[in-house]
Amino acid sequence: MSHPFDPGYVTEPFLNLCADYPGAEIYSSDQFRSEWGPIFHRGRLDGSARVLVIGQDPAQHEAVIRRVLVGEAGRRVQGLLRKLGITRSYVFINAYLYSVYGSVKAKTRKNPSLIDYRNRWLNALLVEGNVEAVLALGQAADEAWRFWKETPAGQSVQIAYARVTHPTQPESASRGDKDKLAAATKKLLQNWNKALQAVSPSVNPPDVPTPLTLYGETWAEGDRVAIPEFDFPAGLPAWMHEHDGWARRVGSGDLAKRRNITITITKGVVT
Ligand code: URA
């Protein structure tokens with residue numbers, strides 16, 4: 001059985017972007033889990049990406065797999081791309097290279113070195129590439145887009161853009177309250193429908209001809225789509241990309257949790 005995989009950072013400018021990146025001097029360890037290293041991207045870096053998704057910051061599954069948005073949030077966005085008929089021609093980056101710890105100070109968000117490095121990624125993908133639409137997941141992603149749009153390179157290209165609610169915002173906003181979760185999910189899906197209507201005319205032709213079908217009021221069968229094997233580094237075990245929930249930050253106290261990601265193989269894999 002053949003296993004397609006993502007070859008990684010094999011051509012310029014990505015080789016250089018991954019060899020030389022900002023560390024804890026910019027992503028300071030009081031605001032970021034810089035000790036787990038930078039997570040750069042997921043998807044096509046060969047110029048074939050037609051949609052760029054900007055996420056916020058990597059979590060624990062991303063820290064293990066070394067690719068952006070590989071958990072539940074990623075599956076939801078994969079479903080959003082599927083509704084645009086995009087099954088392969090996409091690329092993801094995050095607004096921040098490292099996992100946010102607590103919150104990010106305004107001074108850090110506006111640090112020219114942080115912004116310049118991110119803009120080099122955006123230039124590589126949006127000026128050199130063939131991206132026709134950008135989806136920004138939440139506030140930090142929207143800010144990344146706006147800061148880039150203020151640059152001469154940003155002003156030189158016209159690309160369809162939609163800021164959308166972050167895919168796991170309903171869970172974070174409702175904190176276990178079922179009614180609040182249902183209301184926040186309904187609101188998110190309305191917001192995603194608007195984004196679909198705004199950008200779908202620009203994504204043309206799609207990878208797979210797909211009549212635009214909008215979301216209902218709750219997640220429906222087929223709205224979450226598996227992340228394809230060709231997005232993952234070579235040799236990743238199937239259980240790591242078929243499910244999430246196998247990586248958890250555990251420990252008694254903040255420091256222990258920061259120092260530890262526990263990986264537990266999904267039930268049923270080893271019997
Ligand atoms: N959420 C994001 O915005 N990005 C990730 O990489 C993971 C979760």
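The side chains of Arg163 and Asp142 meet in a salt bridge, with 3.5 Å from N to O; by salt bridge I mean a side-chain nitrogen of Lys or Arg within 4 Å of a carboxyl oxygen of Asp or Glu. Arg163 lies in strand E5 (residues 160-164) and Asp142 in helix H6 (residues 139-149), so this pair ties together parts that are 21 residues apart in sequence. Helices (H or I, at least four residues) and strands (E, at least two) are DSSP runs, numbered from the N terminus. Asp142 is buried at 8% relative accessibility, while Arg163 is partly exposed at 43%. Buried means under 20% relative accessible area, exposed over 50%, and partly exposed in between, using a 1.4 Å probe and protein chains only.

This is a predicted model, in which local features need pLDDT of at least 70 and side-chain atom pairs count only at pLDDT 80 or more, whereas totals for chains, interfaces and linings use all residues. Residues are numbered from 1 along each chain as its sequence is written, and side-chain values use heavy atoms, leaving out hydrogens and water.

I turn to Asp231, which forms a salt bridge with Arg44, the closest N and O atoms being 2.7 Å apart. Asp231 lies in the loop between helix H9 (178-199) and helix H10 (238-242), and Arg44 in the loop between E1 and strand E2 (51-55), so parts 187 residues apart in sequence are tied together. Both Asp231 and Arg44 are buried.

Glu35 forms a salt bridge with Arg258, at 2.8 Å between the closest N and O atoms. Finally, a network of salt bridges links Glu72, Arg76, Glu171 and Arg224.
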